[in-house]
Amino acid sequence: MLSPLRVGSLFTLCFWSISTLAAITPPTLDSEYDIIFAGGGTTASIIAGQLSSNAPDLKILILEAGPTTRERIEHIQPGRYFTHMEPFSNTEQFTASKPSDYVAGRSVVIPSGRCVGGGSSVNFMLYNRPSASDFDDWVTEFGNSGWSSEDLIPLLEMSETYEVNPQGNNHGSSGPLHVSFGGKSFELAQEFLDIGPQVEKNRPLSDEGNDFTEASLNVDWVRWTSLRRCGSISASKHHYLYPQENNSNLVISTGSRVVRLVLSEENEGITATGVEFIYDKHVFPDYPTTTQSITAKKMVILSAGAMGTPLILERSGIGAQEVLHQANIHQVVDLPGVGSSYQGIELLLTPYTTDTETFDPLFRNNATIWAEALRQWDIDRTGFMAANGVDAAIKIRPTEAELQEIGIEFTERWNDFYANKPDKPLFWLSALAGLPADQSGLPILNFMSGGCFLGYPESMGSLHVSSDDPYAPPNFDTGFLSKQSDVAALRWGYKKGREILRRMPGFRGAFVPAHPQFPEGSSAALNETGPVSLDAPNVVYSPEDDEAIDIYIRKFVGTSWHSLGTAPMKALKEGGVVDDQLNVYGVKALKIADLSIPPSNLNANMYSTTIAIAQKAYLIIAKELRIIV
Ligand SMILES: Cc1cc2nc3c(=O)[nH]c(=O)nc-3n(C[C@H](O)[C@H](O)[C@H](O)COP(=O)(O)OP(=O)(O)OC[C@H]3O[C@@H](n4cnc5c(N)ncnc54)[C@H](O)[C@@H]3O)c2cc1C
Ligand SMILES: *[C@@H]1O[C@H](CO)[C@@H](O)[C@H](O)[C@H]1NC(C)=O
Ligand SMILES: *[C@@H]1O[C@H](CO)[C@@H](O)[C@H](O)[C@H]1NC(C)=O
Ligand SMILES: *[C@@H]1O[C@H](CO)[C@@H](O)[C@H](O)[C@H]1NC(C)=O
């Protein structure tokens with residue numbers, strides 16, 4: 001999916017200008033700093049930016065494996081978001097899971113950010129917040145004090161300017177991260193918003209799906225907004241980190257891959273006293289590969305993300321005995337929870353076709369459309385470059401009658417997890433204007449994709465090192481679909497999505513090769529070529545049809561890029577890795593602050609949760625260092 005037109009246009013609005021892509025050399029580093037961040041992604045940017053501006057005497061170093069993102073057009077124009085997913089992307093890391101029968105023998109590839117700002121510099125910009133009970137569970141079920149929705153929602157408010165409705169319930173009006181509808185939305189979104197409520201006429205209706213109340217998060221139609229400012233991406237690196245970049249107390253060392261922690265063993269136990277790193281071979285291929293060691297006088301903060309942090313711990317000898325033994329690493333701290341509870345959000349993306357406008361020409365790298373998109377952006381910050389193709393969705397919580405439709409495979413999960421938490425939806429459904437995938441082998445069509453995002457899968461996986469080599473692919477199991485309740489939920493999601501999409505005026509039939517292969521003569525046959533009427537009967541599925549859907553789900557399920565939970569914040573005896581002050585059990589002067597700490601999943605795109613974790617972590621660290629009282 002390489003774009004023929006990667007070098008962007010000049011523009012004058014806002015405060016960015018485009019730098020020449022001059023070769024960057026790493027900064028000269030001192031031998032010691034007060035605080036070292038291992039990983040310069042979303043959370044590190046938010047924490048370090050604030051520490052730097054509020055504590056001028058604190059010497060801070062960020063070691064980030066990936067490249068700089070400063071004033072790079074691919075991190076400014078929203079419409080370029082998908083270019084980061086190209087196979088040889090320098091801004092993302094792709095972690096392949098071991099093949100699993102649960103996903104039809106496939107290896108699922110999980111992307112994560114690998115550049116300054118991490119995920120926030122490459123993500124799809126969908127603005128979506130979890131349910132209040134998702135945070136509250138961390139307190140009531142995992143014993144972490146200070147992490148309830150009442151503690152965290154004010155921190156989210158403080159971080160955002162919600163341009164859509166600054167007075168909105170639980171929203172902010174003066175934070176550095178801006179939220180808006182962006183510069184373009186697609187006709188399909190409007191169709192989805194028109195037809196959806198008519199199909200789901202017994203559900204309450206609201207245009208606010210993100211105010212943390214039960215009414216909005218239960219069963220409503222929401223408008224997706226994107227984190228943008230002046231038409232541009234509003235990512236944490238720009239608004240927390242780069243404004244502080246010239247502070248003499250802050251050093252951002254890019255292309256710097258942390259190998260392991262330096263741990264010192266004294267009579268009072270084990271202390272993190274620094275880190276070892278190498279210059280990253282992707283960013284600085286010509287630099288020496290020797291390991292360098294830097295001292296942290298006050299603290300090391302692991303912020304390498306859910307896909308990075310457990311690996312640094314294990315390379316340092318912190319983890320389960322068996323895992324470390326297999327990787328030939330000497331164990332220093334026995335911490336079996338490291339990497340043992342990977343969680344993702346399973347996503348089923350089902351393509352239909354449409355005759356309305358979609359994002360596909362950009363996915364297909366149509367040079368004419370790219371040129372037009374760039375021209376439009378220069379004029380007024382609208383058009384394809386100001387969009388992502390995902391504008392509307394619904395969060396659905398099944399009714400009693402619908403639970404019957406989902407079936408008994410789901411009953412236990414419902415009773416254990418959802419029944420007593422009325423603000424938890426089962427999943428969110430959307431109609432994407434396009435098929436965000438490598439389309440090189442596909443016919444030239446306009447796609448509309450049904451998206452079913454299963455927010456609280458029961459399945460869990462694991463992520464562990466395979467050796468002490470910082471480039472070695474890890475032993476990774478997504479765990480996807482290892483619990484049948486997840487298959488049952490997604491099966492119902494496929495059906496639910498199909499009922500809405502086949503009634504939208506722009507619907508022109510299913511893209512059959514990427515659908516279930518229903519048996520001959522099935523009443524679920526995918527033979528429609530245009531929309532059915534609103535009152536058409538729902539498709540009826542036989543047990544054989546359901547089986548075809550299950551096979552399909554295992555073949556096609558993917559990730560929604562929301563990995564978390566690989567170093568969870570919970571009690572040590574329950575597999576925890578950090579306590580509620582983010583201290584790693586058994587190691588002094590070592591904290592974790594990133595998406596590896598959630599002990600349980602959240603039904604939302606994860607940027608907002610990451611912001612909440614980062615702001616809370618800032619408060620914890622700043623108090624400990626007496627920067628704030
Ligand atoms: C493709 C994609 C699309 C997404 N879309 C959305 C969306 O639309 N909406 C939404 O809300 N969320 C989205 N997310 C999720 C969200 O952006 C991430 O969950 C969030 O940014 C994670 O933040 P983090 O701080 O935990 O980790 P990250 O931001 O990933 O930061 C970790 C950083 O550590 C670095 N690192 C790792 N190992 C090392 C090492 N050994 N040494 C040095 N550095 C290291 C990495 O390079 C990375 O920069 C998306 C994520 C991805 C990847
Ligand atoms: C930091 O310094 C560089 C070089 O002088 C300059 O281009 C940049 O704008 C400065 N950044 C900020 C936030 O002031
Ligand atoms: C690109 O899009 C234009 C306008 O829709 C179309 O005429 C042209 O055939 C497309 N080019 C390719 C290579 O598909
Ligand atoms: C599609 O197939 C079903 C079942 O075989 C049949 O009842 C229906 O009439 C067909 N619809 C169209 C539009 O051909």
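Modeller: Let's start with a word we'll need: a residue is buried if its relative accessible area is under 20%, exposed if over 50%, and partly exposed in between, using a 1.4 Å probe and protein chains only. The model here is predicted, so to speak: local features need pLDDT of at least 70, side-chain atom pairs count only at pLDDT 80 or more, and totals for chains, interfaces and linings use all residues. Residues are numbered from 1 along each chain as its sequence is written, chains are lettered from A and ligands numbered from 1 in the order written, and side-chain values use heavy atoms, with hydrogens and water left out.

Colleague: Okay, how many residues of H16 are buried?

Modeller: Helices (H or I, at least four residues) and strands (E, at least two) are DSSP runs, numbered from the N terminus. In H16, 15 of the 18 residues are buried, so the helix is mostly covered.

Colleague: What follows H16?

Modeller: Arginine 626, with a positive phi near 60°. Arginine 626 is exposed, at 75% relative accessible area. Leucine 582 also has a positive phi, near 70°, in a residue other than glycine. Leucine 582 sits in the loop between strand E25 (558-559) and strand E26 (587-588), and counts as buried at 0% relative accessibility.

Colleague: How do strands E13 and E14 pair?

Modeller: Two strands pair if DSSP finds at least two bridges between them. E13 (residues 256-266) and E14 (residues 269-279) pair in the antiparallel sense over 10 bridges. They form a hairpin with 2 residues between them, and arginine 257 stands opposite isoleucine 278 in E14.

Colleague: Which residues are around ligand 3?

Modeller: A residue is near a molecule if one of its heavy atoms lies within 4 Å of it. Around ligand 3 those are Asn366, Ile369 and Ile444. A polar contact is a pair of N or O atoms within 3.5 Å, and a polar side-chain atom of asparagine 366 lies 2.3 Å from an oxygen atom of ligand 3. Accessible areas come from the Shrake-Rupley method with a 1.4 Å probe; the protein covers 30% of the 360 Å² that ligand 3 has on its own.

How values were computed: A polar contact is a pair of N or O atoms within 3.5 Å; within protein, one must be able to donate a hydrogen and the other to accept it, and residues adjacent in sequence count only if both atoms are side-chain atoms.
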